[in-house]
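Hi,

Here is the structure I said I'd pass along. Have a look at it first, and my notes follow below.

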Amino acid sequence: MSKTEVFNRTLRDVPTSILNADREEHSKFRRALSHGFSDSAMRQQEAMIVKYIDLLLKRLHEECGEGKKKLNLEAWFNWTTFDIVGDLVFGQSFKCLENIDYHPWIEFIFSSVRFGAILVAMRYAGLDTLVQTIVKSGNVAVNRVRKYTDEMVRTRLAMEKDRDDLFEGIVKRREEWNISFQKLSSNAFILVLAGSETTATTLSGATYLLLTHPDILAKLSEEVRSSFSSADEINISSVGKLPYMLAVLNESLRMYPPVTSSLVRNVPPGGEQIAGQFIPGGTFVEIQHWSMNHSKENWKDPWAFDPQRFLATPEEAAKAGNNLEALQAFSVGPRNCIGRNLAYAEMRMIMARIVYDFDMKLADESQRWIERQKSYALWDRIPLYVHLTPVR
Ligand code: HEM
């Protein structure tokens with residue numbers, strides 16, 4: 001797989017980013033960005049992340065009406081993860097939690113994702129020339145997002161040097177590696193998109209799955225509430241010691257993978273041996289996470305939400321019919337997710353804080369929440385209404 005090129009690369013005249021750069025440029029971007037994702041950088045970023053989680057909890061307490069009002073947690077998760085990643089990339093949040101509203105950027109992002117999925121499908125159907133013309137015409141949501149992103153990147157570049165954020169690594173190498181402003185901006189766009197939608201999706205999916213499985217929610221609540229004597233004790237290091245929480249998040253990533261299919265790869269001329277089979281050059285290949293995660297070949301009762309399967313050792317799991325390695329929600333290889341540790345840290349802290357503070361009940365109109373959604377590689381999520389009652 002590593003020898004294949006990313007399919008999106010062949011969209012000409014689009015400034016490259018870490019997601020669609022060729023191998024050589026990708027490894028440069030990846031090296032530049034990796035410092036911002038290191039453990040030591042994450043420790044520096046923790047206080048900022050907690051600041052937004054505190055604001056989320058404050059708002060939920062203000063808004064929940066002691067369980068009488070239903071809140072759309074899907075939106076609250078999205079606002080939180082956008083605010084966090086906005087600050088981590090641009091040095092400024094989108095102020096969604098402050099304003100209790102979406103930022104226009106977020107709406108543009110989703111329409112550009114949906115549009116991107118349609119363009120990829122058109123290219124599968126051999127309509128490449130038409131796709132290039134549409135992209136060049138510029139009259140699409142993605143161009144509006146780009147303009148917004150450019151403005152935010154300009155503001156970020158005017159800030160003081162040596163910030164411990166996700167963007168500083170690439171800003172520092174800008175001159176040495178001759179990285180154009182457009183490429184900086186493309187990378188910023190990808191970081192914000194990849195770093196917010198996915199975590200908000202997993203948190204929403206996990207919440208829905210917990211609320212439809214009260215025994216599992218009770219077990220998670222017991223773990224969280226018995227581990228801390230106050231919410232202040234919930235931090236990156238302490239949530240890392242909650243095994244059931246991790247099992248719940250992994251099982252949620254399996255049942256409802258935020259990235260349902262990976263980016264399409266193009267097999268190079270001459271063909272390649274992939275998963276024991278010869279694939280001719282020019283073939284488009286991709287991993288379908290949804291299918292991997294729901295295949296009987298990989299999982300016992302694939303449609304059952306059962307975090308317990310992730311608490312077994314790989315040998316015990318294999319005996320029970322679960323191939324734990326089949327869950328690769330963050331992908332594998334040189335282009336796997338650079339934000340995996342950050343994502344787990346955010347998701348564990350947010351989920352722990354909510355479960356610590358609230359009892360939750362799914363509102364009637366949010367039944368069958370997963371089954372009613374469409375996916376365009378990312379989910380076109382629908383509102384997730386939940387009644388929240390403060391525990392203490
Ligand atoms: C639950 C959360 C997340 C999931 C499931 C997820 C999943 C993925 C997957 C599957 C890929 C590979 C795409 C492909 O090439 O086919 C990827 C790449 C990437 N992710 Fe994530 N991601 C998550 C969170 C994050 C976060 C929090 C960030 C950053 C703030 C992030 C940044 C990136 C970047 C920059 C790439 C491209 C890496 C490269 O090409 O070298 N992701 N992610």
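Before the notes, one term: I call two residues in contact when they have heavy atoms within 4.5 Å of each other. Keep in mind that this is a predicted model, where local features need pLDDT of at least 70, side-chain atom pairs count only at pLDDT 80 or more, and totals for chains, interfaces and linings use all residues. Residues are numbered from 1 along each chain as its sequence is written, and side-chain values use heavy atoms, with hydrogens and water left out.

Let me start with alanine 188. Leaving out neighbours within four places in sequence, alanine 188 is in contact with Val89, Phe90, Thr149, Val153 and Phe167. Alanine 188 counts as buried because its relative accessibility is 0%. The cut-offs are under 20% relative accessible area for buried, over 50% for exposed and partly exposed in between, using a 1.4 Å probe and protein chains only. Glycine 86 is 102 residues from alanine 188 in sequence, yet their C-alpha atoms are 9.4 Å apart.

Helix H9 also holds tyrosine 208, which is buried too, at a relative accessible area of 7%. What does tyrosine 208 touch, not counting residues up to four places away in sequence? The list is Leu362, Ser366, Gln367, Arg368, Trp369, Ile370, Glu371 and Leu384.

Arginine 368 sits in the loop between strand E7 (358-362) and strand E8 (374-376), and has a positive phi of about 55 degrees although it is not a glycine. Its relative accessibility is 48%, so arginine 368 counts as partly exposed. Aspartate 215, in helix H10 (residues 214-227), is exposed at 57% relative accessible area. The C-alpha atoms of aspartate 215 and arginine 368 are separated by 18 Å, and the two are 153 residues apart along the chain.

Moving on to strand E8, you'll find lysine 374 there. Lysine 374 is exposed, with a relative accessible area of 56%, and touches Trp379 and Asp380 when residues up to four places away in sequence are not counted. From lysine 374 to leucine 71 the C-alpha separation is 22 Å, for 303 residues along the chain. Alanine 377 is in the loop between E8 and strand E9 (378-380). Alanine 377 has a positive phi of about 75 degrees although it is not a glycine, and is partly exposed at 30% relative accessibility.

Which protein atom is the donor to the iron atom of the ligand? It is SG of Cys337, 2.3 Å away, and that is the single donor from the protein. Donors here are N, O and S atoms within 2.8 Å of the metal (3.2 Å for Na, K and Ca); water is not among the atoms, so sites may look incomplete. Cysteine 337 lies in the loop between helix H14 (314-320) and helix H15 (340-357).

Finally, the whole chain. There are 15 helices and 10 strands in it. The radius of gyration is 21 Å, close to the 21 Å that the globule rule gives for 392 residues, so the chain is as compact as a globular protein of that length. That radius is taken over C-alpha atoms, and the rule is 2.2 Å times the number of residues to the power 0.38. Along the principal axes, the C-alpha atoms fill a box of roughly 60 × 55 × 40 Å. Buried residues make up 52% of the 392. Of the contacts between residues at least 6 apart in sequence, 73% join residues at least 24 apart.

Cheers

How values were computed: Helix = DSSP H or I, 4+ residues; strand = E, 2+ residues; numbered from the N terminus.
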